[in-house]
Amino acid sequence: MFPTDLNPLFVRHYWPYLIAGAVGLAGVLCVLSQYKRPRKSQEGQSAEEPREVAEREKSDIDEDLHSRQLAVYGRETMRRLFASNVLVSGLQGLGAEIAKNLVLAGVKSVTLHDEGEVEMWDLSANFLLSEGDIGKNRAEACVPKLQELNNAVKVSSLTAPLVKEQLSDFQTVVFTDINLEKAIEFNDYCHSHTPPIPFIKCEIRGLFGGVFSDFGPEFTVLDVDGEEPRTGIIASISNDNPALVTCVDDERLEFQDSDLVIFSEVQGMPELNDGKPRRINSTRPYSFFLEEDTTNFGTYKSGGIVTQVKVPKVLQFKPLREAIKDPGEFLLSDFSKMDRPALLHSAFQALDQFRSELGRFPMAGAVEDMERIIEFVRGVNGEVGEADGKVLSIFSNGSRAVLNPMAALFGGVVGQEVVKACSGKFHPIFQFFYFDSIESLPPEPLGPTDVKPLNTRYDAQISVLGADLQTKLENAKIFMVGSGALGCEFLKNLALMGVSCGPTGSLTLTDDDIIEKSNLSRQFLFRESHIGQSKSSVAASAARLINPNLNIVALQNRVGPETENVFNDEFWENLDAVINALDNVNARLYVDSRCVYFQKPLLESGTLGAKCNTQVVIPHLTENYGASRDPPEREAPMCTVHSFPHNINHCLAWARSEFEGLFEKTPTEVNAFLEDPKGYTSAMQNAGDAQARDKLESILECLERERCETFKDCITWARLKFEDYFSSRIKQLTFTFPEDSMTSSGTPFWSPPKRFPRPVKFDPADPSHINLLMAASILRAESFNLPVPNWATNPKKLAEAVGEVSVSEFAPKEGVKIVTDETATSVTSSSIDDADVIDDLIARLEQLSKKLPAGFRMKPVHFEKDDDTNYHMDLISGLANMRARNYSIQEVDRFKAKLIAGRIIPAIATATAAATGLVCLELYKTIARNGDLSAYRNTFANLAIPLFSMAEPVPPKTVRHGGASWTVWDRWVIEGDVTLREVLDWLSEKGLSAYSISCGTSLLYNSMFPRHGERLDRKVVELAREVAKVEVPPSRRHLDVVAGCEDDEGNDVDVPLISIDFRGK
């Protein structure tokens, strides 16, 4: 269901929030023009030349660069972004983060505005600045490095005070450091402008942040959540009022009450096929009621697809001068702080008044300044309780500081709001959002001397968190796994925070991947010149430029059992924390197991489109990452993919499988046979099964009947494959199972979800047919190491060559077996004569191999989705769409096919930034060694809806036995080079009877096997070397075994891992 980037724990925990009616849908027509309007400049000229915009909209989007972002936004949204000019005012850390995310997103232009000069104070939050920029204008100093991120975006600066008329040059304006009076003035102008100019006011004050948005009197949200419309396959429809619609139990429906749906392909009840949206209610996993009287409709027979209709929504925003007094409902982030947003709404106003009256921020630790803030809030809210007073004191103390994690979080949130404003994609914040992370403060109270500036680049952070925690951060030993999108953001954050920048600090970064073009739209530490280079090395060098004091070591090792000689016991034992920046579950689980074993904190995060999540794992305090698992993703049955597809995913799965079989697996098997004929055939004879038979048949077919010696042979092969796939096989299938076939239970065989197919007749005038054959011919030539003539890419000449191919008429055969069992794992089955068939195939292969040219080898072609010149996706999308045509399934364009077949995980910079900001707030707590579970937060966020859901982590499961208790974090250590008997005796003293001892996947002892009794007096380490083939290097002190135990009553008891310290004592 979900790509592996998204932490499964949070998918399960927060998915109800995603599909719940967090935002309602209103049936309103949208006006697209409001997202494409050109602005008029002060001189009355268009700020964007119509021809330039038109040409840019016509031009193809660079899919190599923007594929992951396109998967989230779609082409129309991207085109609107390409035409949008954005103003970002205030270039402390927050403004820099917002601007970075917008430049990566690809807006037309970003104009930076700031009247102030760079100070040392700015260096703890703005990654675009360095000590060499001190004294320069902030906006001007930021332009060069921002421009490097995307040359297609114009980045410029303004340094003089703004006047409201200048705002008409922009599609959206963002202010990160503006007083309330000026904000109201500018917002009034934007709100009343024709058309309205979306206005966003946001600010970071220490561990507190706030956002206000006003997109105008009427703003149309074109797509509220960005999710694909839900669909269902109909099984029955009643003639009732209301009508009950039942769907097949192939997949659960994800409709909600009051959704609008349309029907298609319904047989027997044609009245529903009119394309009219209809409202549904009483939704269930496989049924719903249709709010329509179908009593007089025709009687439902079969078939039908029901599809959700996505309806635009109009929002009516209030201007700031009204909303500040009547804010309405706040967007919540932490349900344990239900009253906090209202308090912060007043606190930010109090701070604005304080600054207006005194011309400065409250001083950290100044009691008088705190009282002044509290007094103002008291005047607005009435009585301020002790708890609220403490919050306001913290707010006052850190109000001057912009902390990097907060800037990263809000940079992601606000960057996404700008995208919404420019495109109408996703639901905006309506209208206030407040957030705080006071739990990130050290557990010990801070005094005035703790927050005193030290004239360093970390003074802003020190003013909030204190010098002691800053020292701990600088001397922390961190292991970060991965330097992709998450990794780049983390490195930037860690460098700005000063993590591992002290005399004894160290940051070890590892990633075995190299930089590709598609990385550049999110992984902002990389440039086009870095393509092909090591991610970790380039990222480490870029992070040092942000903070030269960063003590970072870049490695290119994959983290796993095979590299435990690199990441050995000593390495793990010296760490303070581990940060995962990974994109697959297996690697996460391995790192999690190491953290559990060595008792190290782990900070987890993941993204999926506009969604992101974070999980903090603290030894003995929280459950570990692996404690909660999603059920395995449901895969379509083999027979469905091969013979009975009913959606485009099935067609694409089949197409990719065929690609890999034809161009990768078969050539690999051919080469394996040719390189060692005797060894290969011997292995096949020993296997003697259907799989061995299939391999030999595919080799024989490839080298005998389908061997290509010229490019025209490749064309012939491609044309015959087309006939086989899309005509002959379909004719055989419908001959074996005619349209009126019945099952053994008396029901129609071709009942939903099965779709009755029809053959496709090859048409040389159909571009999709010729393009498919072009891709197939070229790839076939590549696999046979044949030259491809220049005319091969000319559709007209290729069609002429195809016309010369002779195609025999197909005659269906009786008795052909077609797998219909959904539990089958293969479309071929074993036979009692497999061994004889294998011997015959081997004999034929041995004769055939003698006729091949000396040194003949094939070239396996490995699927690569991100190279648009290699014809891989041309073939796969062509195969899938032709198969879809067989089964009357909606075809997809090449890019959509690439997303599905290439298993591309949708990703955008905003969600990545937000996730890393949240994780780094947890890092403060982790390095401070906060032992209070309630201080930590796991978070799920969906920036599209928007939704923020924070929760206290789950404590680890506790096992109790005989007055003792333990969790996954406990490890029992037995010192000495002990025997098996000594281990059993040691467990017996705890009231446990061990019936098995295993090491890795090998069983060292089991009480059911009498011969294992002979092992009782042997050393466990010796047995592990002999039985489990465990290598014990000199650097290792421990050997880990797992014991199966039961209590006196025979009940199984889960016991901790047992670690034998064989070099101890």
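User: How do you know which residues and atoms count here?
Analyst: The model is predicted, so local features need pLDDT of at least 70 and side-chain atom pairs pLDDT 80 or more, while totals for chains, interfaces and linings use all residues. Residues are numbered from 1 along each chain as its sequence is written, and side-chain values use heavy atoms, with hydrogens and water left out.

User: Why is M1008 called exposed?
Analyst: Exposed means over 50% relative accessible area, buried means under 20%, and partly exposed is in between (1.4 Å probe, protein chains only). M1008 has 68% relative accessibility, so M1008 counts as exposed. M1008 is in the loop between β28 (1002–1006) and α31 (1020–1027); helices (H or I, at least four residues) and strands (E, at least two) are DSSP runs, numbered from the N terminus.

User: What makes the nonpolar surface patch that includes M1008?
Analyst: L1003, M1008 and F1009 make a patch of about 310 Å². Patch residues have over 30% relative accessible area and no salt bridge; nonpolar side chains (Val, Leu, Ile, Met, Phe, Trp, Tyr) are joined within 5 Å, and like charges within 9 Å. The accessible areas come from the Shrake-Rupley method with a 1.4 Å probe, and for residues only the protein chains shown count as cover.

User: Why is the pair R400 and E119 called a salt bridge?
Analyst: A salt bridge is a side-chain nitrogen of Lys or Arg within 4 Å of a carboxyl oxygen of Asp or Glu. The closest N and O atoms of R400 and E119 are 3.3 Å apart, and the pair forms a salt bridge. R400 lies in the loop between α11 (386–397) and α12 (404–423), and E119 in the loop between β2 (109–113) and α6 (138–149), so the pair ties together parts 281 residues apart in sequence. R400, at 37% relative accessibility, counts as partly exposed, as does E119 at 38%.

User: How many salt bridges does the structure hold?
Analyst: The structure holds 69 salt bridges.

User: What makes the network that includes R894?
Analyst: Salt bridges link R68, D866, D868, D874, R894 and K898 in a network. R894 pairs with D868, with the closest N and O atoms 3.2 Å apart. R894 lies in helix α28 (residues 894–901) and D868 in the loop between α26 (834–849) and α27, so this pair ties together parts 26 residues apart in sequence. R894 also forms a salt bridge with D874, where the closest N and O atoms are 3.4 Å apart. That pair links distant parts of the chain, with D874 in helix α27 and R894 in helix α28, 20 residues apart.

User: Are R894, D868 and D874 buried, partly exposed or exposed?
Analyst: R894 is partly exposed, with a relative accessible area of 24%. D868 counts as partly exposed at 29% relative accessibility, and D874 counts as partly exposed at 26%.

User: What makes a space in this structure a cavity, and how many are there of 30 Å³ or more?
Analyst: On a 1 Å grid over the protein atoms alone, a cavity is a set of points where a 1.4 Å probe fits but cannot get out.

User: What lines the largest cavity?
Analyst: Lining residues have an atom within 4 Å of a point. The largest cavity has 13 of them, of which A718, K721, Y725, A776 and L879 lie nearest its centre. The elements giving two or more residues to this lining are α20 (648–675), α23 (711–736), α24 (767–783) and α27 (872–886). The largest share, six residues, comes from α23.

User: What is noted about the backbone at S258?
Analyst: Most residues other than glycine have a negative phi, and most peptide bonds are trans. S258 is not a glycine, yet has a positive phi of about 75°. S258 is in the loop between β9 (243–247) and β10 (260–264).

User: Which peptide bond ending at P946 is cis?
Analyst: The bond from I945 to P946 is cis, with omega near -5°. P946 is placed in the loop between β22 (938–942) and β23 (947–951).

Notes: 1 Å grid on protein atoms, 1.4 Å probe; cavity = no way out; pocket = protein on both sides within 12 Å on 5 of 7 lines; lining within 4 Å.
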